[in-house]
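Thanks for coming, everyone. I'll take this one briskly. Please have a look at the screen.

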Amino acid sequence: MRMYDIIAKKRDGGELNKQEIDWFISEYTADNIPDYQASALCMAIFFNGMSEKETALLTAAMRDSGDKVDLSCFGGKTADKHSTGGVGDKTTLIVAPVVASLGGYVAKMSGRGLGHTGGTVDKLESIKGFKTTLSSDEFLNQVKNIGIAVIGQSGNLAPADKKLYALRDVTATVNSIPLIASSIMSKKLAAGTDNIVLDVKVGSGAFMKNLDDAKDLAQAMVDIGYNCGKKVSALITNMDVPLGYAIGNALEVKEAAAVLKGNINSDLAKVCIALASNIISLVKGIDINQSELQVKKALCDGLAYNKFLEWITAQGGDVSVFDDLENFVKAEYNVEVFSEADGYITKMDAEKLGIVSVMLGGGRATKDDEIDFKAGLVLAHKTGDLVKKGEKIATLYSNTVKDMSKAVALFNQAIVVGEQKPLDAPLVYEVVTKDV
Ligand code: URA
């Protein structure tokens, strides 16, 4: 087989077959295909797309390019939630213990923050003592014993994706729906989970900026999952505004703990309830309304919070911080930001607010930066709220004053106050499932 012929076939709009896709992935992973040819193929895919069958074949080939986790001992009850990335997105901290408290097995590998978006591993590491690295025996035993373990990406899962993603990143070929869908799903499938709910974020703080692209991406990932024998659904959720009020690691853990303690009326809680209900519906094969009742009950009667404490303790985390959350999140400096006008908040640019958090120390500007776990911001108001000139709209927290004034300036750019109350935007736009 020749790489030249595969590139030419895709360039001319042809459909690649299993032999061609498998050959490309195994030879590229083994460093036998140069990056210039792999990037030419990615560009041909970028322009000509891939059929549902090709996308499933590419995903399966990348899934099989490295280690795979075997979760078959859990009898089809393993569950995972994957977010495409957002600002203030602390849903894993809530959804994972809810699902485990209701009988799902959560054996999850999560990521760190990327760019303006946060990552679950960083949030968990803000809890003193919490270990995000476990051996594979420790990981599986913990899931067997308490139904939940969450660690950072480990082992050699989907190495073909790792290589291709780095190449796409520098060749302007990230933003292709079949390439994103196969990249995300190859890792999810290698991680072995049976039931997957995808949280596809759309809006200013998300990777997908418009609803049509988000729907296409969601459908592509759901189709891949079913073609590979998994149960998958996808929720398209709003990321025009940060999720919840806190952005920054310890601040977000604090907000998540409040939901787990039964505060279920917030936007954050509503999105978590929708995600967890869809997972439980897949795991137990029950109707979504029944599932939602179980999820709300687990949040209100302490079942989910107790599972959260059990989980954090099992991974070495100090749960005494949850007795006094103020100490846990107290940064050395804080600055309040006030509205510059009377009116409605008509816009909060979620991406800019994510960058504000990074500037305060809550994220990494470069791969090797250390995170200041207590840094970030807490909003006092969100889009749609009526504010008066001089009224507080947020508090910014940091342990360094270095970038505080720049952070305040960017915060002010992110907020627009106008006369017209904006229309209420849905929290969950749509649930995408496979018609089977
Ligand atoms: N996240 C991934 O894992 N892969 C992509 O291609 C884009 C986002």
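Let me start with a definition: two strands pair if DSSP finds at least two bridges between them. Helices (H or I, at least four residues) and strands (E, at least two) are DSSP runs, numbered from the N terminus.

Now the ground rules. This is a predicted model, where local features need pLDDT of at least 70, side-chain atom pairs count only at pLDDT 80 or more, and totals for chains, interfaces and linings use all residues. Residues are numbered from 1 along each chain as its sequence is written, and side-chain values use heavy atoms, with hydrogens and water left out.

First topic: an open sheet. Four strands make it up, in the order E6-E9-E11-E7. The pairing is antiparallel. Which strands stand at the edges? They are E6 (246-247) and E7 (333-338). Each has a single partner strand, so one side of each is left without a neighbour in the sheet.

Look at E11, residues 392-398. On one side, E7 joins E11 through 6 bridges, running antiparallel. Two pairs to find on screen: Asn334 has Tyr397 as its bridge partner, and Glu336 stands opposite Thr395. Strand E9, residues 376-379, also pairs with E11 in the antiparallel sense, over 4 bridges. There, Leu379 stands opposite Ala394. Is E11 mostly covered or mostly open? Mostly covered: 5 of its 7 residues are buried. Buried means under 20% relative accessible area, exposed over 50%, and partly exposed in between, with a 1.4 Å probe and protein chains only.

A reminder for anyone tracing side chains: in a regular strand they alternate between the two faces of the sheet.

Next, E3, residues 148-152. Here 5 of the 5 residues are buried, so E3 is largely enclosed by the rest of the structure. Strand E2, residues 106-110, pairs with E3 over 5 bridges. This pairing is parallel. Within it, Ala107 stands opposite Ala149.

Follow the chain on from E3. The loop between E3 and helix H8 (159-169) holds Ala158. Ala158 is not a glycine, yet it has a positive phi of about 45 degrees. Buried or exposed? Ala158 is buried, at 1% relative accessible area.

Past H8 there is another such alanine. Ala172 has a positive phi of about 55 degrees, and again is not a glycine. Ala172 sits in the loop between H8 and helix H9 (177-190). Ala172 counts as exposed, with 59% relative accessibility.

Now step back to the whole chain. How many helices and strands does the protein chain have? There are 17 helices and 13 strands. The C-alpha trace spans about 70 × 45 × 40 Å along its principal axes. The radius of gyration, taken over C-alpha atoms, is compared with a globule rule of 2.2 Å times the number of residues to the power 0.38. For 436 residues, a compact globule would come out near 22 Å, and the chain has 22 Å, which agrees.

Buried residues account for 55% of the 436. Contacts are heavy atoms within 4.5 Å. Among contacts between residues at least 6 apart in sequence, 79% join residues at least 24 apart.

That's the tour. Questions, please.
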